[in-house]
Amino acid sequence: MLGHTPFATGAAMSSPTSPPRARWGPSRIVAAVLAAALFVLAGVAATGIDDPVHEVMQHGHRLAVVLTCSVAGLALLAWLLLRPRPDRPSTLGWFSVSVSVLCLLATVLVWAAAAADDTLTGTPGTMVTTQAAATSYLRDDGHDGMQQIPTGVAIQTAQFTDANNIRLTGYLWQRLPADADTKTANLDLPAAVDGGATEQVYLHTNSDNTKTVGWKLRTTLREQFDYTRYPLDRQVIWSTMWPRTPGTVLVPDFAAYPPWEPEQNLGLYTGMVTGEWRTHFSAFSMGESTTRSTLGSTDTTTDATIPTLHFSAGVTREFLNPLLDRLVPLMVITLLVFASLFVVTTDNDRRSLAGFSTWTVIGFCGAMMLVVAVQHSSLRSTTGSTGVVYAEYFYFILYLVIALVAFNVVEYTSTRRFAFLDWNGNMAARLLYWPVVTTLLLATTVAVFLL
């Protein structure tokens with residue numbers, strides 16, 4: 001009986017008097033519910049998006065919701081798994097790494113989607129791909145009674161000469177009536193700075209009592225290009241053509257091409273050297289233009305319109321080289337600024353060993369700020385843009401981060417310090433550094449490309 005007493009007593013003491021330890025506190029339950037809600041919201045927003053990589057333009061706002069909710073939900077999941085606490089700095093470090101990696105991966109995903117997006121946008125007027133579509137457009141626009149002049153274009157070279165000028169060479173032809181003047185093309189290039197279709201290179205007589213006249217095209221066109229997304233930008237180069245002869249209208253000469261598909265890059269020389277650009281579509285479109293004057297004619301009014309034919313070519317920048325040119329130096333600077341946080345100390349022995357002083361770090365931050373400013377100025381000169389381009393946000397983020405590091409040094413070494421910054425030898429600044437940098441990078445990327 002005595003041998004059974006300890007076991008009976010132990011069982012009686014352990015089961016009724018030792019409550020099980022709670023593994024899920026209120027904060028973790030709230031975080032789990034919030035993470036689940038974010039994942040559900042991301043799933044709802046993703047409904048109907050068949051190919052998110054190639055449909056950035058059509059579903060940008062919804063993709064922004066999907067990406068933001070997914071990153072936030074995964075960050076909460078990492079918090080639930082790691083359970084970071086101030087008394088366990090290693091868990092805080094791993095959580096900081098997790099958030100930084102999530103934001104960086106999401107940013108790279110947006111870059112890849114923006115580079116792969118093949119949406120046909122930016123063409124002026126109404127795109128047409130068949131002769132029937134062109135005739136239908138003219139009928140709806142009230143120009144069906146005009147004489148149609150089939151016009152074709154074959155671009156051989158395209159070179160950006162500056163931010164808003166592009167030099168084109170190639171061939172331009174028209175099918176004209178047998179009695180038409182063939183000395184000059186029956187068209188005008190209103191956006192041409194110089195040159196045009198002035199040199200006749202061939203003349204063919206057709207069996208339908210028309211003649212095909214071809215001219216050598218050499219011209220520089222001026223256009224307002226959009227560099228907002230540089231270096232992941234895409235441009236649409238368009239040649240606007242007006243008819244010279246009253247009562248005529250220019251239409252695409254689709255009979256001179258295979259069945260028109262924009263992705264086939266018809267009208268562009270297959271061996272065309274594009275340098276840092278690659279072509280991803282070509283298209284004909286039709287519209288109207290107005291000069292808001294009579295041009296001296298007494299038979300027209302100031303609000304008269306001119307039927308217009310556009311030939312457009314969509315080009316996408318090969319972004320890897322310019323992106324690395326900008327990112328690699330900035331990444332080195334970012335790492336150096338982060339390393340400066342490890343020499344910030346109030347310990348006299350460590351300070352003398354590292355050669356640290358408040359003014360030393362402030363001077364270093366000032367030098368890095370100057371380097372970033374010089375590179376920023378170089379970027380502005382390269383793009384020639386009047387607005388803010390995407391790559392500039394890299395520099396804005398570094399300006400802010402360098403300023404925050406300088407403020408951290410001053411605050412941490414002053415006599416009056418925040419307890420938050422004083423915790424564990426300036427550990428808070430080191431833990432927050434990369435999440436702040438990557439979160440700002442992701443936020444600006446989403447705002448530029450998806451919103």
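Contact here means heavy atoms within 4.5 Å, and helices (H or I, at least four residues) are DSSP runs numbered from the N terminus. This is a predicted model, in which local features need pLDDT of at least 70 and side-chain atom pairs count only at pLDDT 80 or more, whereas totals for chains, interfaces and linings use all residues. Residues are numbered from 1 along each chain as its sequence is written, and side-chain values use heavy atoms, with hydrogens and water left out.

**Helix α11**

**Packing of α9 on α11**
- Helix α9 (residues 392-413) packs on α11 at an angle of about 155°, with the axes 10 Å apart (axes are lines fitted to C-alpha atoms over the stretch in contact, and angles run from 0 to 180 degrees between N-to-C directions).
- That makes α9 roughly antiparallel to α11 (angles over 145 degrees).
- Residues of α9 including Tyr393, Leu400 and Asn408 meet residues of α11, among them Ala429, Tyr433 and Val448.

**Packing of α6 on α11**
- The axes of helix α6 (residues 320-340) and α11 come within 11 Å and cross at roughly 165°, which makes α6 roughly antiparallel to α11.
- Met331, Thr334, Leu335, Val337 and Phe338 of α6 make the contact with Arg430, Tyr433 and Trp434 of α11.

Technical notes:
Helix = DSSP H or I, 4+ residues; strand = E, 2+ residues; numbered from the N terminus. Parallel < 35°, antiparallel > 145°, perpendicular 65-115°, else oblique.
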